[in-house]
Amino acid sequence: MAEDYDSRLLESARVRKHRLDDALLFGQNPQERTYKSATARLMQSLLIAALIAAVCVGFSFVQHLLSEQATKQPPASSATAVTMTEGTV
């Protein structure tokens, strides 16, 4: 019987602490709490989506620059070929 009382007391203290933490973080109005948390989630999602889009655009830009450089450079075999004229020794 004493263990049951202790567990109920501990649970009651845990619930009270959780409610006080929520009141400190979010205020007393539960409707405001859901509005703020939903807005915060939306802003975080938009930020993550913007970061992912920026990484994709940056990767595409770098890949495009590298492919342009590769097409501008002549093949390695024709650049290193040296032709000898008949008059040189």
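Start with burial. Of the 89 residues in this protein, 1% count as buried. Keep in mind that this is a predicted model. The accessible surface comes to about 8,500 Å². Carbon and sulfur atoms hold 66% of that surface.

Now the layout. There are 3 helices and 0 strands. Along the sequence, the pattern reads α-α-α. Helix H1 covers residues 2-26. Helix H2 covers residues 30-72. Helix H3 covers residues 76-80.

Next, confidence. The mean pLDDT of the protein is 81. Of its residues, 72% reach 70 or more.

On to charge pairing. Side chains of opposite charge can pair when their charged atoms come close. How many salt bridges does the structure hold? The count is 3. Let me take them in sequence order.

Pair one is Arg8 with Asp4. Their side chains meet in a salt bridge, at 3.6 Å from N to O. That falls within the 4 Å cut-off for a salt bridge. Both residues lie in helix H1, 4 residues apart, about one turn of the helix. Is Arg8 buried or exposed? Arg8 is exposed, because its relative accessible area is 52% and the cut-off for exposed is over 50%. Asp4 has a relative accessible area of 38%, so it counts as partly exposed.

Pair two is Arg14 with Glu11. Here the closest N and O atoms of the salt bridge are 2.7 Å apart. Again, both residues sit in helix H1. The spacing is 3 residues, about one turn of the helix. Glu11 is partly exposed, with a relative accessible area of 40%.

Helix H1 holds both residues, 4 residues apart, about one turn of the helix. What is the exposure of Lys17? Its relative accessible area is 52%, so Lys17 is exposed. Asp21 is partly exposed, at 33%.

Last stop, the nonpolar surface. Which residues make the nonpolar surface patch? Phe61, Val62, Leu65 and Leu66 make it. The patch area is about 380 Å².

To recap. The model is predicted, with 3 helices and 0 strands. It holds 3 salt bridges. Phe61, Val62, Leu65 and Leu66 form a nonpolar patch. And 1% of the residues count as buried.

Note on methods
Residues numbered from 1 in each chain as written. Predicted model: local features only at pLDDT ≥ 70, side-chain atom pairs only at ≥ 80, totals over all residues. Heavy atoms only, no water. Patch = residues over 30% accessible without salt bridge, like charges linked within 9 Å, V, L, I, M, F, W, Y side chains within 5 Å. Areas by Shrake-Rupley, 256 points an atom, 1.4 Å probe, with all protein chains shown as cover. Helix = DSSP H or I, 4+ residues; strand = E, 2+ residues; numbered from the N terminus. Buried < 20%, exposed > 50% of the residue type's maximum accessible area, 1.4 Å probe, protein only. pLDDT = per-residue confidence, 0-100.
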